Amino acid sequence: MDYAIDPPPLPSLPVVGSALRFPVRRIFCIGRNYADHAKEMGAQVDHAAPMFFCKPADAVVTDGADLPYPSATADLHHEVEMVVALKAGGRDIPPAQALDKVFGYGVGLDLTRRDLQAQAKAKGHPWDVAKAFDHSAPVSALRPAADAAPGPDTELRLAVNGEPRQHGRLGDMVHDVPAIIAALSTLFELKPGDLIFTGTPAGVAALRRGDRFHAELAGIATLDGRVA
Ligand code: MN
């Protein structure tokens, strides 16, 4: 096919133990999925209806690339999260079939312009400028599910400049992975290549220029990077 302008490159993630890469189609994120984080934000957990937002696929930062400090904020926050990568999709996926759609797991940061998010909340505006900016989604290499899958006792951690910042257990998620996939698939037809950020535990705080971060989904994935 001939295009009127050059088509944009396809964002992709490395895969642990493989030379093949995972093509990223869309990025979905769930909000308020750990009670301790919802509490620190002064928000309520909704057990019946999970809250979702999106980032563009090309917000991914991969392969240890430096993270440029974003424009228009003085309060860039980290949110360490497990990332689920889909190899198959569908509509109205039953929770019992949801894990069959998973390619693998990684760890990422749902970076947030917290000052712009607070303004958006106050005005009832959408969150896009707070959440969906360029380079807002650093993600590790993906670990195929066939290789190692996380469980309720799997720990999620983030350290900045060697200091522990965030720590949680996947068992503390309000909505687990099958429930998230099932709920999302009632709102969107999920597709291979989709990524899902599964929410952050308490301890979100500022990242500054020059900070080095180390995120870990224990035994599954690690992500190291630097704010340039
Ligand atoms: Mn988040």
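**Close-up views of a predicted model**

View 1. The protein donors are E79 (OE), E81 (OE) and D110 (OD), and they lie 2.0 to 2.2 Å from the manganese ion. E79 has 4% relative accessibility and therefore counts as buried, since buried means under 20%. D110 also counts as buried, because its relative accessibility is 0%.

**View 2. The open sheet.** Six strands make up an open sheet with mixed pairing, in the order β4-β3-β14-β7-β8-β11. At the edges stand β4 (51-55) and β11 (143-144); each has a single partner strand, so one side of each is left without a neighbour in the sheet. Within the sheet, β7 and β8 are paired in the antiparallel sense over seven bridges. V80 has L109, in β8, as its bridge partner.

**View 3. The largest nonpolar core.** This core has 40 residues, and those with the most contacts inside it are M82, V84, V107, I181, F213 and L217. At least two of its residues come from each of β3 (27-31), β7 (80-86), β8 (102-109), β12 (155-160), α5 (177-184), β16 (212-217) and β17 (221-226). The largest share, five residues, is supplied by α5.

**View 4. The surroundings of M82.** Apart from its neighbours within four places in sequence, M82 is in contact with residues including Y105, G106, P150, L156, L170 and M173. Its contacts also include V177, I196, F197, T198, G199 and L217.

**View 5. The largest cavity.** The whole structure contains two cavities of 30 Å³ or more. In the largest cavity there is about 130 Å³ of space. It is lined by 19 residues, of which G31, R32, H37, E79 and W127 are the closest to its centre. β3, β4 and α3 (114-123) each contribute at least two residues to the lining of the largest cavity. The largest share of this lining, three residues, comes from α3.

Key:
Residues are numbered from 1 along each chain as its sequence is written. This is a predicted model: local features need pLDDT of at least 70, side-chain atom pairs count only at pLDDT 80 or more; totals for chains, interfaces and linings use all residues. Side-chain values use heavy atoms; hydrogens and water are left out. A nonpolar core is a set of buried Ala, Val, Leu, Ile, Met, Phe, Trp, Tyr and Cys residues joined through side-chain atoms within 4.5 Å. Buried means under 20% relative accessible area, exposed over 50%, partly exposed in between (1.4 Å probe, protein chains only). Helices (H or I, at least four residues) and strands (E, at least two) are DSSP runs, numbered from the N terminus. Contact means heavy atoms within 4.5 Å. Donors are N, O and S atoms within 2.8 Å of the metal (3.2 Å for Na, K and Ca); water is not among the atoms, so sites may look incomplete. Two strands pair if DSSP finds at least two bridges between them. On a 1 Å grid over the protein atoms alone, a cavity is a set of points where a 1.4 Å probe fits but cannot get out, and a pocket is an open set with protein on both sides within 12 Å along at least five of seven lines; lining residues have an atom within 4 Å of a point. Grid points are joined across faces, edges and corners, and a volume is the space filled by probe spheres set on the points.
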